Amino acid sequence: MRFLILIIVLTIFLFFLEKIINKLLGVEKKKISETSGKKVDKWGRGIILVIFLCTLPFFVVQETNVLKWYWMLYLTALLGFQSILEWKYLKNSKQYVTTLIFLILGVIFLYNIKYVLQFLGEVVT
């Protein structure tokens with residue numbers, strides 16, 4: 001139950017944070033699928049997903065620290081790829097900066113997930 005609450009609160013927080021960052025940077029949200037990079041985006045995301053799903057069974061049996069690094073690598077690959085495509089195909093937009101900010105925040109969050117969960121355990125109980 002705590003995990004579900006964490007996910008809901010985190011989703012709401014990230015939604016509003018994206019709106020605030022986009023407003024501060026003057027970014028108008030655009031989609032890569034509306035540009036010539038549509039095929040590259042689909043294929044790249046698909047390849048990243050397949051690679052990480054195929055390697056997941058090898059990391060699930062490892063200790064939790066290894067699994068944490070696995071998800072940090074996945075997030076970095078996915079959001080890094082997205083920011084490169086946004087930089088390349090959305091020329092007059094700073095949308096890639098927002099993606100890079102979320103990449104950094106996501107890696108920091110995952111790196112400290114143990115402490116976040118401990119804190120939530122203390123707050124809820």
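This is a predicted model: local features need pLDDT of at least 70, side-chain atom pairs count only at pLDDT 80 or more; totals for chains, interfaces and linings use all residues.
Residues are numbered from 1 along each chain as its sequence is written. Local features need pLDDT of at least 70 and side-chain atom pairs count only at pLDDT 80 or more, while totals for chains, interfaces and linings use all residues, and side-chain values use heavy atoms, without hydrogens or water.

Start with helix α2, residues 38-60. Helices here are DSSP runs of H or I, at least four residues, numbered from the N terminus. Buried means under 20% relative accessible area, exposed over 50%, partly exposed in between, with a 1.4 Å probe and protein chains only. In α2 the buried residues are Asp41, Gly44, Ile48 and Phe52. Their cover includes α3, residues 64-89.

Helix α3 holds Glu86. Glu86 is buried and has no salt bridge (a Lys or Arg side-chain nitrogen within 4 Å of an Asp or Glu carboxyl oxygen). Lys29, the nearest side chain of opposite charge, is 5.3 Å away; Lys and Arg count as positive, Asp and Glu as negative, with His and the chain ends not counted.

Now the rings. Trp71 and Tyr74 form an edge-to-face pair, 5.8 Å centre to centre with 85° between the planes. Rings of Phe, Tyr and Trp (its six-membered ring) pair with centres within 6.5 Å; planes under 30 degrees apart are stacked, over 60 edge-to-face, the rest tilted. Trp71 is partly exposed because its relative accessibility is 37%, whereas Tyr74, at 17%, counts as buried.

Conventions. Helices (H or I, at least four residues) and strands (E, at least two) are DSSP runs, numbered from the N terminus. The expected span of a helix is 1.5 Å times one less than its number of residues. Contact means heavy atoms within 4.5 Å.
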